[in-house]
Amino acid sequence: MLIKHKLILNTVLLVVALVAMLGLFYTTQTNLEKLNSAKNLVVHQQVNMLTLRRHEKDFLARLDLSYEQKFNETMNSLFKDQARLKNVMDAYSIETNTLLELTQDFKEYQADFLSVVTASKKLGLTPEKGLQGELRSAVHNIESELSALNQDALLVSMLQLRRHEKDFMLRNDPKYIASFNKTLDQLESALGKASLPTDKTQLLSSLTEQYRKSFNEYTDGKKALGLTSKEGKLLVMRASIHKTETALDALEVQLTQAIHAKTAFSMMLTEILCGIIIVVGVLFAWIINRTINSALSTIQTTMREIQTTH
């Protein structure tokens, strides 16, 4: 091979080596960007988690069904992020058990929240709806009859019952249940002693029993929902929230570790390949240089021999 051809080959090899190194750096950078985008998806889920908690608190505070819709919309957005995250993790052979557990935890949280919404609807989102509406109707029926009969003393007992009822609704304290039933027993006893027509006594007794039934159904529903955040459906939802937050933190740690491991591996691979390219390039340049020097040495020897003979 001519020296000219060897020099051209050397140049071509250097260009190929540089292109290979640039390609390696580009691939490494692209992979790291994708992995960081996966971590950003986790951060976005953490933001969505806070948004879910806000919608949950707003619903419990205002009993407005628009927050149920907002909750579900945010949850759907979160599930889409998880699907994209799973694709990235599968592409880089990152274990997805934690992600799958997290998805299940979010589904449980959503189911628990919807259970709370359903229980709240049953109790009544406004005083006119649900068990609250039935309770209000029962009260008004009794008050109307007592007012028509001019039974002021019995109306006073009704006011005490309303006070116990409202106190329970405001404070969620079980002691008002006992106070309500005790006062209602006294009212029924007073009805039996009052000088009222038999049909009116029977009607009022029926109405008071309906009032008692409606109130006790309401209190039972309230207990099922949870008189505090540490009871009933509220406690179940709270537990699912904490489980979800723990799984989300674990996923963030897992991805952080995976990114560090992939980064270290990519850097090591880059260093090894760069080292190989440099060694091969230097070795080939040395071989060409040696060949050129050998050829030049032969020419010099030949020229000296010619000078000596002449």
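Residues are numbered from 1 along each chain as its sequence is written. Because this is a predicted model, local features need pLDDT of at least 70 and side-chain atom pairs count only at pLDDT 80 or more, while totals for chains, interfaces and linings use all residues, and side-chain values use heavy atoms, with hydrogens and water left out.

Let me begin with the whole chain. The protein has eight helices and zero strands, where helices are DSSP runs of H or I with at least four residues, strands are runs of E with at least two, and both are numbered from the N terminus. The C-alpha trace spans about 160 × 25 × 20 Å along its principal axes. The radius of gyration is 41 Å, whereas a compact globule of 310 residues would have one near 19 Å; this radius is taken over C-alpha atoms, and the globule rule is 2.2 Å times the number of residues to the power 0.38.

Now to the helix pair. The axes of helix 3 (residues 97-123) and helix 7 (residues 198-225) come within 10 Å and cross at roughly 165 degrees, with axes being lines fitted to C-alpha atoms over the stretch in contact and angles running from 0 to 180 degrees between N-to-C directions. Helix 3 and helix 7 are therefore roughly antiparallel to each other, a term used for angles over 145 degrees. On the helix 3 side, the contact (heavy atoms within 4.5 Å) is made by Val116, Ala119, Ser120 and Leu123, and on the helix 7 side by Tyr218, Gly221, Lys222 and Leu225.

Technical notes:
Angles under 35 degrees count as roughly parallel, over 145 as roughly antiparallel, 65 to 115 as roughly perpendicular and the rest as oblique.
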